[in-house]
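Me: I would like to go through the side-chain contacts of this model. Could we start with the charged residues and then turn to the aromatic ones?

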Amino acid sequence: MVFIMKRTESNRLHETALEHLVGGVNSPVRAFKSVHGNPIYFERASGAIVTDVDGNELVDFVQSWGPLIHGHAHPKILEKVYQKMRDGTSFGAPHLGEIELARHVKRRFDHMDMVRFVSSGTEAVMSAIRLARGYTKREILVKFDGCYHGHVDSLMVKSGSGLATFGIANSPGIPKDTVATTLVAPLDDVGAVEYLFEEHGDEIAAVVIEPLPANNGLLIQSGAFLKRLRSLCDQHGALLIFDEVISGFRFKHGSYGQMCGVTPDISALGKVIGGGLPVGAYGARREIMENLSPLGPVYQAGTLSGNPLAMAAGCKTLELLDGPAYDYLESLGKILDENIEPVLAKHNYPIRLVRLGSLFWFSPGSGDPPKRADQISNDVGIFYADLHHGLLERGYMLAPSAYEIGFLSTAHEEIHITGMALALDELLTEMGAES
Ligand SMILES: *Cc1c(COP(=O)(O)O)cnc(C)c1O
């Protein structure tokens with residue numbers, strides 16, 4: 001593998017980091033394990049551009065893995081945070097900012113009467129599940145193969161092959177008894193979920209799903225599938241939890257659930273809601289939320305929950321997400337389609353671009369995009385490492401994993417996308433000549 005881009009300083013820092021941090025990172029996906037080379041160490045970032053410690057400037061399509069819908073260091077978000085910071089960085093007491101952000105959230109997620117803020121997406125889903133179990137007085141969860149809900153014990157489970165099964169933990173350290181209450185079904189498979197309800201209907205507390213699964217590629221589900229989940233939950237007295245940590249606030253016409261005409265009982269949020277500061281949230285109708293402490297018996301708390309700086313960043317981020325902002329994101333998405341698809345076709349390269357709004361995925365294969373985890377071909381990583389490396393060397397940064405999606409922000413411009421398409425064309429030409 002040829003490295004043209006200077007990586008001296010990044011590599012040096014990585015060597016040092018390895019002595020202090022596990023694998024040099026604080027979240028495993030950052031480790032570049034499935035692509036060539038070591039992680040790139042960032043120095044600063046602005047808008048769509050990241051500057052690394054070697055002085056390379058890269059067009060960033062990762063955007064902190066989703067939160068930065070307005071790009072890095074947006075001046076108006078920074079200004080609001082600076083302003084709030086002067087009044088104190090953490091209160092551990094109620095303040096106006098929490099009410100303001102709750103109002104913003106309820107405007108988009110109109111099934112929520114009340115909201116509870118936490119500090120990460122993991123915490124949001126974990127707490128939503130406790131609430132659902134407390135409310136229904138049942139224990140079993142149904143989740144889907146290929147949906148990620150954070151590193152919550154009971155959801156770190158994948159399915160066995162074939163028919164939906166009781167889950168086996170993805171990670172050591174998770175008690176068998178914990179995952180024994182988690183059932184796993186394939187996405188896009190109504191029959192499997194019906195079967196689970198037939199067998200365990202009166203024990204199922206909740207079905208939890210990313211209505212737009214975006215952590216294992218972008219596996220766009222049909223509205224009919226989501227509607228069937230809704231009716232099965234209703235029929236059996238289970239709650240439907242939509243994990244919209246990635247999809248929330250990404251679409252002009254409301255939540256992804258709303259776009260599909262399906263109302264969940266509880267929604268879990270994260271990423272965009274904090275505009276780059278740590279915020280998660282969950283919310284539901286009053287009758288469910290009233291079960292939470294201090295109104296009810298289900299306990300959940302957080303020292304930094306509702307943090308004033310994080311609330312301020314979230315409010316400004318959502319304020320800036322007006323109609324024109326969404327239209328702009330969609331126009332960028334169209335530019336992506338129009339520029340990338342012809343390049344892939346020209347080289348007859350076995351990738352299709354899957355895109356919905358400002359989320360996109362270079363999906364291996366051809367024909368209709370996959371809807372289930374097991375439809376993604378196993379050799380996806382092999383071609384992706386070269387693609388990732390080649391684009392990075394040309395100044396375009398995608399996530400260092402074939403299963404991670406790309407993010408457009410309002411800070412991206414046409415030139416960043418047409419530039420990536422040119423780089424891709426050049427790269428595929430070079431790879432074609434080599435093979
Ligand atoms: C990122 C993500 C999470 C976890 O959020 P963290 O803030 O990383 O804890 C949960 N669910 C979905 C759908 C996510 O995309």
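Me: Is Lys316 buried or exposed?
Reply: Lys316 is buried, because its relative accessible area is 18%, and buried means under 20%. Please note that this is a predicted model.

Me: Which residue does Lys316 form a salt bridge with?
Reply: The partner of Lys316 is Glu319, and the closest N and O atoms of this salt bridge are 3.0 Å apart.

Me: Where do Lys316 and Glu319 lie?
Reply: Both are in helix 10 (residues 308-320). They are three residues apart there, so about one helical turn separates them.

Me: And what does Glu319 count as in terms of accessibility?
Reply: Glu319 counts as partly exposed, at 43% relative accessibility.

Me: What about Lys334 and Glu330?
Reply: Their side chains meet in a salt bridge, with 3.6 Å from N to O. The two residues are four apart in helix 11, so they too are separated by about one helical turn. Lys334 is partly exposed, with a relative accessible area of 43%, and Glu330 is partly exposed at 28%.

Me: Where do Asp265 and Arg230 sit?
Reply: Asp265 lies in the loop between helix 8 (256-259) and strand 12 (266-269), whereas Arg230 is in helix 7. The pair therefore ties together parts that are 35 residues apart in sequence.

Me: Why do Asp265 and Arg230 count as buried?
Reply: The relative accessible area of Asp265 is 5% and that of Arg230 is 14%. Buried means under 20%, so both residues fall in that class.

Me: Staying with charge, which residues gather in a patch of positive charge on the surface?
Reply: The patch consists of Arg103, Lys106, Arg107 and Arg286. Helix 3 (residues 96-108) gives the largest share of the patch, three residues.

Me: Where is Arg286, then?
Reply: Arg286 has its place in helix 9 (residues 286-289). Its relative accessibility is 45%, so Arg286 counts as partly exposed.

Me: Let us change topic. How many aromatic pairs are there?
Reply: The count comes to six aromatic pairs. Among them is the pair of Phe144 and Phe225, whose ring centres are 5.7 Å apart and whose planes stand at 80 degrees, so the pair is edge-to-face.

Me: Which parts of the chain does that pair link?
Reply: Phe144 is in strand 5 (residues 140-145) and Phe225 is in helix 7 (residues 223-236). The pair links distant parts of the chain, 81 residues apart. Both Phe144 and Phe225 are buried.

Me: What geometry do Tyr349 and Phe383 have?
Reply: Tyr349 and Phe383 form an edge-to-face pair, with 6.2 Å from centre to centre and 80 degrees between the planes. Tyr349 lies in the loop between helix 11 (323-346) and strand 14 (351-356), and Phe383 in helix 12 (residues 380-393). This pair also links distant parts of the chain, 34 residues apart. Tyr349 is buried, as is Phe383.

Me: Which residues do ring pairs link into a cluster?
Reply: Phe61, Phe360 and Phe362 are linked into a cluster by ring pairs.

Conventions. Residues are numbered from 1 along each chain as its sequence is written. This is a predicted model: local features need pLDDT of at least 70, side-chain atom pairs count only at pLDDT 80 or more; totals for chains, interfaces and linings use all residues. Side-chain values use heavy atoms; hydrogens and water are left out. Patches are made of residues with over 30% relative accessible area and no salt bridge: like charges are joined within 9 Å, nonpolar side chains (Val, Leu, Ile, Met, Phe, Trp, Tyr) within 5 Å. Accessible areas come from the Shrake-Rupley method with a 1.4 Å probe; for residues, only the protein chains shown count as cover. A salt bridge is a side-chain nitrogen of Lys or Arg within 4 Å of a carboxyl oxygen of Asp or Glu. Lys and Arg count as positive and Asp and Glu as negative; His and the chain ends are not counted. The place of a charge is taken as NZ of Lys, CZ of Arg, CG of Asp or CD of Glu. Buried means under 20% relative accessible area, exposed over 50%, partly exposed in between (1.4 Å probe, protein chains only). Rings of Phe, Tyr and Trp (its six-membered ring) pair if their centres lie within 6.5 Å; planes under 30 degrees apart count as stacked, over 60 as edge-to-face and the rest as tilted.
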